[in-house]
Amino acid sequence: MKITDIKTMRLRATIPTEGQVFSRSGVRSSRSTTLLQVETDEGITGLGSCSGNGELIEVIVARVLKPLLIGMDPAQIDDVWDKAYVRGGHKEFGTRGVGVVALSGIDVALWDILGKVRGVPLYQLLGGKCRDRVPVYATALYPEEPSKVAKRARGFAEQGFHGVKIKVGFDLDQDIRIVRAVRRELGKDFIVMTDANQGYTLDVGLQAAAAFADCGVFWLEEPLFVEDIAGHAELRERGKVPIAVGENLHMCYAFENFMVRGAVDYLQPDVARAGGITEIRKIAATAAEHGVPISFHTWGDGVALAASVHLSAAINECIVMELDYTYNPLREELLREPLRLVNGCLIPPDKPGLGVELNPEALQRFAFFGSEEITVRQDTLRAV
Ligand SMILES: [Mg+2]
């Protein structure tokens, strides 16, 4: 079997005003993602997803990766990595960043093809299921009046989610008021995470960690700038709250650096960004050596979500998985058969490969050919 083509599909959905949320990058008014399809001479195709700037991904695929990979056997995944990254690609697009994002999508598509060729679901290729259902927590609590956030958190608990995550990293006093209100509402045992999206300095992060520890917060995610490993290590040592990191890291060695330097308690690799399934397996093996649990980050679309569910079902180190529960039709409407959410758990599909098919009508509706939005972190706090 040979690879005959690699196609990218940029998608964007506008978020209606009532579904827009405020984050460190400002008010989000659209959701976007880039899907990737690998085609073969035997008619079998594979799907992948890339989480990054779609225009850059398109160029890297068209100008670097596609010319390198056309004619290769899609089942020889290590050979593809060798040519596309080790011996070829990294000299063009670097050892991490958007080139790795593009390769992540290709890698997932190759595993999808392999599953289809062998007639088994992806989790089976990964050694079989450790669990039939993957417990998820809801990412959907953004800053607003604390009692309103608490009420929304109660709604997620009642829907059966295994935890809720609160966006913090804005104004420390407000962050603490919201976290306390949610904890009061849900009682002491419900899992409550916090995510600062790199919004704190070390000093403010230490104050936040102390307050969140008093509230029994399960983890503080991305407290500092992602490259500040020393800062994360200090915060982890002096703060009393576990640290989660990983959605903005690429390739296993970046995760290993955090673990070796004692800077992380929970790893959050994103399959559409960190290096696909091949690299996630290396990350999981390294995490096992260091005794660090994994909780997959996923954001953009139903294809990435499906890959994450297979990984979470098959990898022993995985604990609860993230489910972004904000408005996103690219998650809800892109697949012919959406993933099943039952009592706060996602069920891995049983069909070969990823086990998902795209809905052509949705693909057409969300196709996007314009310029990508570049978001910049807002350091001026908005009163809420
Ligand atoms: Mg996050």
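Asn343 occupies the loop between strand S13 (340-342) and strand S14 (345-347) of this predicted model. Its phi is near 50°, a positive value in a residue other than glycine. Asn343 has 10 other C-beta atoms within 10 Å and is therefore exposed.

A positive phi is also found at Gln198, where the angle is near 70° in a residue that is not glycine. Gln198 belongs to the loop between strand S8 (192-195) and H8. With 18 other C-beta atoms within 10 Å, Gln198 is partly exposed, whereas Asn343, with 10, is exposed.

**Helix pairs**

The axes of helix H8 (residues 202-214) and helix H9 (residues 229-238) come within 10 Å and cross at roughly 30°. H8 is thus roughly parallel to H9, and the crossing is right-handed. On the H8 side the contact is formed by Leu202, Gly205, Leu206 and Ala209, which meet Gly231, Glu234, Leu235 and Arg238 of H9. By class, these residues comprise four nonpolar, two polar and two charged.

A second pair is formed by helix H10 (residues 252-260) and helix H11 (residues 276-290), whose axes come within 9 Å and cross at roughly 15°. This angle makes H10 roughly parallel to H11. H10 passes H11 in a right-handed crossing. Cys252, Phe255, Glu256 and Met259 of H10 face Glu279, Lys282, Ile283, Thr286 and His290 of H11 across the contact. The contact of H10 with H11 contains four nonpolar, two polar and three charged residues.

H1 and helix H4 (residues 98-118) have axes 9 Å apart and pack at an angle of about 75°. The two helices are therefore roughly perpendicular to each other. H1 contributes Leu56, Ile57, Ile60, Val61 and Leu65 to the contact, and H4 contributes Val98, Gly99, Val101, Ala102, Leu103 and Ile106. Ten of these residues are nonpolar, one is polar and none is charged.

**Surroundings of Gly52**

Gly52 is placed in the loop between strand S5 (45-50) and helix H1 (54-69). Because Gly52 has 23 C-beta neighbours inside 10 Å, the residue counts as buried. Beyond its neighbours within four places in sequence, Gly52 is in contact with Ile57, Val98, Val101 and Arg273. Of these partners, Ile57 of H1 and Val98 and Val101 of H4 also take part in the contact of the two helices. Gly52 and Val101 are 49 residues apart along the chain, and their C-alpha atoms are separated by 6.6 Å.

Leu122 lies in helix H5 (residues 122-125). With 27 C-beta neighbours inside 10 Å, Leu122 counts as buried. Not counting residues up to four places away in sequence, Leu122 touches Trp111, Gly115, His310, Gly353 and Leu354. The C-alpha atoms of Leu122 and Ser308 are 10 Å apart in space, although the two residues are 186 apart in sequence.

Ser295 is situated in the loop between H11 and H12. Its 24 other C-beta atoms within 10 Å make Ser295 buried. Apart from residues up to four places away in sequence, Ser295 touches Ala244, Tyr266, Gln268, Cys318, Ile319, Val320, Met321 and Glu322. Ser295 and Val136 stand 159 residues apart along the chain, with a C-alpha separation of 9.4 Å.

The following table sets out the sequence and spatial separations for these residues.

| Residue pair | Separation in sequence | C-alpha separation |
|---|---|---|
| Gly52 and Val101 | 49 residues | 6.6 Å |
| Leu122 and Ser308 | 186 residues | 10 Å |
| Ser295 and Val136 | 159 residues | 9.4 Å |

**Helix H12**

Helix H12 (residues 302-314) consists of 13 residues. The helix reaches 18 Å from its first C-alpha to its last, close to the 18 Å expected at 1.5 Å a residue. Is H12 enclosed by the rest of the structure, or is it exposed? Since 13 of its 13 residues are buried, H12 is largely enclosed by the rest of the structure.

Definitions and conventions:
Residues numbered from 1 in each chain as written. Predicted model: local features only at pLDDT ≥ 70, side-chain atom pairs only at ≥ 80, totals over all residues. Helix = DSSP H or I, 4+ residues; strand = E, 2+ residues; numbered from the N terminus. Expected span 1.5 Å × (residues − 1). Buried ≥ 20, exposed ≤ 12 C-beta atoms within 10 Å, placed from the backbone. Contact = placed C-beta atoms within 7 Å. Axes fitted to C-alpha atoms, helices over the stretch in contact; angles between N-to-C directions. Parallel < 35°, antiparallel > 145°, perpendicular 65-115°, else oblique. Left-handed = near helix turned anticlockwise from the far one by under 90°. Nonpolar A, V, L, I, M, F, W, Y, C, P; charged D, E, K, R; others polar.
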